[in-house]
Amino acid sequence: MTADVPLAEVTRGGFVESRHDGAFATVGPGGAMLRAGGDVERPIYPRSAIKAMQCLPVIESGAADRFGFDDAEIALACASHGGEPVHVDTARAMLVKLSLAEDALECGAHWPSEARAARDLVKRGEAPSALHNNCSGKHAGMLALSLALGVPHRGYVDLDHPVQRRIAATLGALTGCDLATAPCGIDGCSVPTWALPLVDLARAFQRFASGEGLAPERAAAARRITAAVSAHPFLVAGSKRFCTDLMRAVPRAFVKTGAEGVFCAAVPHAGIGIALKCRDGAGRAAETALAGLLAGLDVWTEAERRELLGFTAVKIRNWRNLETGEIHALL
């Protein structure tokens, strides 16, 4: 097994307090490996990092057009959002178009991760619903796919449901992996998630970004998704969130957090895909490391590269807003 490599470190008082190791793969046109470190063949659960790929069947099946999903709603279908009002309203609008109630969502309810949205719910004496779940947009898309396929929508999260079989086939085609033999678990929002080699996830994002080897309909669906996310980055995450902030700063980049230190990215104009795993599951380390990988690519304008470099070293502050240290990329 190849040893992990340093991805990011935290300093305090000029002293290295902690270091985060892991693996990464950057794949370019033609599937060429541009850069890699650590054990890229080791399977990892991508979790929410592949939501854009889970959205592909919603476009390809005609469900998005049948129910009139606009770009904002497509972007929400790819989101891990903070449960802010615009996220909840957009998810609710998707259900209205489907003529379904909130109880059709099988993702479960949790408090908004965005603090102000959670406080506002408390002030109003309201409990969170499935609409506040960070995956509500993805699940609304899956419900649309159920209806478009003409199958019962109840149980759409189950491994053997036609919706999940369609998604598995799509993911298998993009990664080149046999999902029937891959480790399979249940994600936080109750849908299946498969453990896949990091390098194959990078290749999948390269194909998604470039359209190489994809049928024209799939390539067009991928372009539609990336355009929707680029137009509505706030819906993909929210206030003070890395994915939103980076894609606002550099609209030609597509980035998506997973869970447990996983991050994936695509650079459509250059046909590049990236997958990264911070082995200890530290999200903040994965963010800065991914920014470092992106900034190191020779595909940006100088202005874009400066913006990316701004995400590679992040100041850490305490509750008095005093600067106590920094987390920075080692890539």
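## Pockets and a helix

Tutor: Keep in mind that this is a predicted model. Let us start with the second largest pocket, which has a volume of about 220 Å³.

Student: Which residues line the second largest pocket nearest its centre?

Tutor: Its lining is made of 15 residues, and R47, S48, S80, N134 and C135 are those that lie nearest the centre. By class, this lining has nine polar, three nonpolar and three charged residues.

Student: What makes a residue such as K240 a lining residue of the largest pocket?

Tutor: A lining residue must have an atom within 4 Å of a point of the pocket. K240 is one of the 24 residues that line the largest pocket, and together with R241, F242, E287 and V314 it lies nearest the centre. The space in this pocket comes to about 530 Å³, and its lining has eleven nonpolar, eight charged and five polar residues.

Student: Which helix or strand gives the most to that lining?

Tutor: That is α12, with five residues, while α11 (242-249), β9 (262-267), α12 (283-295) and β11 (313-317) each supply at least two.

Student: Why are some residues of α9 called buried?

Tutor: Buried means under 20% relative accessible area, and R218, A219, A221, A222, I225, T226, A228 and V229 of α9 are buried, so each of them falls under that cut-off.

Technical notes
Residues are numbered from 1 along each chain as its sequence is written. This is a predicted model: local features need pLDDT of at least 70, side-chain atom pairs count only at pLDDT 80 or more; totals for chains, interfaces and linings use all residues. Side-chain values use heavy atoms; hydrogens and water are left out. On a 1 Å grid over the protein atoms alone, a cavity is a set of points where a 1.4 Å probe fits but cannot get out, and a pocket is an open set with protein on both sides within 12 Å along at least five of seven lines; lining residues have an atom within 4 Å of a point. Grid points are joined across faces, edges and corners, and a volume is the space filled by probe spheres set on the points. Helices (H or I, at least four residues) and strands (E, at least two) are DSSP runs, numbered from the N terminus. Ala, Val, Leu, Ile, Met, Phe, Trp, Tyr, Cys and Pro count as nonpolar, Asp, Glu, Lys and Arg as charged, and the others, Gly among them, as polar. Buried means under 20% relative accessible area, exposed over 50%, partly exposed in between (1.4 Å probe, protein chains only).
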